[in-house]
Amino acid sequence: MIVLNVKIETNPGTAAALKDAVAAMEKASRAEPGCIEYVFSTELNNPNSLRIIEHWKDIDSLKKHFTLPHMATFTAAMQKHPPKAVDVKMFDATSIPFPPQ
């Protein structure tokens, strides 16, 4: 499984301006083959910080995700409201039971 942890630092007011683009991106991404989980959130103590948690079946599913129209639409929205910073961490993960045995 591929896991992405994305942090987008926006300028004041930008997170609200991206709300529709975020909602569309989340819905379309969840419908993709190979998408296990796709969640946007806002930090409780920093409304200018958006988080994206993504879980993908495999790297090929993630690569396909980057080629789809809703990704291009979201990218255009981000270009219209450029973030201060974007930090992306990608992990190849194995799911284990919790609590660990």
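**Group meeting: a walk through one predicted chain**

Let me start with contacts, meaning heavy atoms within 4.5 Å. Among contacts in the protein chain between residues at least 6 apart in sequence, 71% join residues at least 24 apart.

A word on the source. This is a predicted model, where local features need pLDDT of at least 70 and side-chain atom pairs count only at pLDDT 80 or more, while totals for chains, interfaces and linings use all residues. Residues are numbered from 1 along each chain as its sequence is written, and side-chain values use heavy atoms, with hydrogens and water left out.

Now the overall layout. The chain has 4 helices and 4 strands; these are DSSP runs numbered from the N terminus, H or I of at least four residues for helices and E of at least two for strands. In sequence order the pattern is β-α-α-β-β-α-α-β. The radius of gyration is 14 Å, close to the 13 Å that the globule rule gives for 101 residues, so the chain is as compact as a globular protein of that length. That radius is taken over C-alpha atoms, and the rule is 2.2 Å times the number of residues to the power 0.38. The C-alpha trace spans about 45 × 30 × 20 Å along its principal axes.

Next, the sheet. In what order do the 4 strands stand? They form an open sheet, β2-β3-β1-β4, with antiparallel pairing; two strands pair if DSSP finds at least two bridges between them. At the edges are β2 (35-43) and β4 (85-92), each with a single partner strand, so one side of each has no neighbour in the sheet. Inside the sheet, β1 (residues 2-9) and β3 (residues 46-56) pair over 8 bridges. Lysine 7 stands opposite arginine 51 in β3.

Helix α2 (residues 19-30) lies across β2 and β3, at about 160° to β2. For such angles, axes are lines fitted to C-alpha atoms, for helices over the stretch in contact, and values run from 0 to 180 degrees between N-to-C directions.

Last, one local spot. Glycine 34 is in the loop between α2 and β2. Is glycine 34 buried or exposed? At 19% relative accessibility it counts as buried, the cut-off being under 20% relative accessible area, with exposed over 50% and partly exposed in between (1.4 Å probe, protein chains only). Its C-alpha atom is separated by 4.8 Å from that of lysine 57, 23 residues apart along the chain. Not counting residues up to four places away, glycine 34 touches His55, Trp56, Lys57 and Ser61. Serine 61, in helix α3 (residues 59-65), is also buried, at 12%.
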